[in-house]
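Let's take a walk through this protein together. Keep the 3D view open as you read.

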Amino acid sequence: MVMEEESDCDSSDDSDMTGEPDSVDPEWFPPEDIEEEDDYMEELLPGASPQHQKYVVDEERLLNLFTIYLQKKLAKLAGLKKFALVAEWMRSILYHLYWCAATSEGDADMLEARWKSMCNHIANIHVHENPLFAKCKHGPIKRKWFEPGTEVYEKLTDILLSKRFMKSVRKLSPDSQTSSLEGYHATIIYFAPKMYHFGYATMISRLQLAALHFNENGGRDQAKGKHGVLQFNIAYPKYKKMDGYSLKRVLTKCTFGYVRELQTELYQMVRTGTTFEPEKAPPPLSSLYQHPSKQEVIEQHKELHRYKEKMDKRLT
Ligand SMILES: [Zn+2]
């Protein structure tokens with residue numbers, strides 16, 4: 001099992017140019033299909049309309065469907081007094097999920113082997129049946145263990161090994177294309193925040209800068225600490241309250257080679273007296289619409305009103 005949580009998850013000053021923490025995207029754990037995603041959402045936000053559920057997923061980048069699903073299940077169990085030990089283990093179990101994803105390179109069998117080893121680990125058993133992951137990787141650990149065969153152990157492992165969750169675990173991969181697209185979107189928002197209006201030329205420049213930045217930094221690896229251990233950060237978003245938190249992968253630092261290239265290009269232009277004609281802005285979209293006179297619109301409105309009154313009378 002992993003020891004990263006003890007040694008290498010100190011907060012780091014990784015300044016991400018996307019302007020927001022590099023959270024693990026919801027797409028990190030792609031549900032089987034839309035229907036399955038809806039199932040998860042129904043469980044997480046019971047009674048919310050599909051639009052509202054989608055809104056939550058889109059807006060909260062930190063929201064990770066599967067982690068929250070698991071966290072909720074565990075918290076429910078831990079809420080019962082006789083199962084209080086589960087609370088002490090929640091963090092490690094969630095960490096283990098990320099660790100499995102980060103280290104198994106999308107290999108479903110390896111993911112399954114590593115994930116299942118947790119059920120041994122929590123019972124102080126650190127050698128496993130599956131040869132793909134035959135032994136935990138940590139050193140000696142002192143903590144309160146579960147007793148196999150007890151009610152709490154059975155309930156907990158039922159959650160960890162539930163058929164549906166295992167299916168999800170087998171698909172965990174840190175390199176999904178969708179998560180890269182999500183990252184690109186975040187980069188654009190950083191360079192061209194939605195709350196400001198930009199003119200055409202400015203917008204084009206900002207989008208081009210975002211693309212240059214993303215092309216250079218989009219594929220950054222996860223940073224490694226001492227002894228090559230992958231680094232994580234824990235974030236405590238306000239909306240999660242109390243003991244809610246998200247795990248973030250710490251990435252290697254951004255580079256800005258494209259800025260140097262642009263400067264060189266600019267100096268070259270100044271030196272050689274080259275001028276640059278910015279692209280002309282196309283007419284605004286609204287100019288393509290019809291523009292009736294105000295009087296015309298008022299007449300149409302009255303006409304419609306008269307028609308409606310007639311219909312109402314006929315119906316009563
Ligand atoms: Zn172990």
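Predicted model: local features only at pLDDT ≥ 70, side-chain atom pairs only at ≥ 80, totals over all residues.

The protein has 316 residues, and 21% of them count as buried. Now look at contacts between residues at least 6 apart in sequence: 67% of these join residues at least 24 apart.

Next stop, the inside. In soluble globular proteins, nonpolar side chains tend to be buried together. Here, the largest nonpolar core has 25 residues, and the ones with the most contacts inside it are L70, L97, Y98, C100 and A101.

Let's zoom in on C100, one of the core residues with the most contacts. If you skip its neighbours within four places in sequence, C100 is in contact with L111, R114, W115, V169 and L172.

Finally, hop over to N124, which sits in the loop between helix 6 and helix 7. Is N124 buried or partly exposed? N124 counts as partly exposed because it has 13 C-beta neighbours inside 10 Å, while being buried takes 20 or more. Its backbone is worth a look too. Most residues other than glycine have a negative phi. The phi of N124, though, is positive, near 65 degrees, and this residue isn't a glycine.

Key
Residues numbered from 1 in each chain as written. Core = buried A, V, L, I, M, F, W, Y, C linked by C-beta atoms within 7 Å. Buried ≥ 20, exposed ≤ 12 C-beta atoms within 10 Å, placed from the backbone. Contact = placed C-beta atoms within 7 Å. Helix = DSSP H or I, 4+ residues; strand = E, 2+ residues; numbered from the N terminus.
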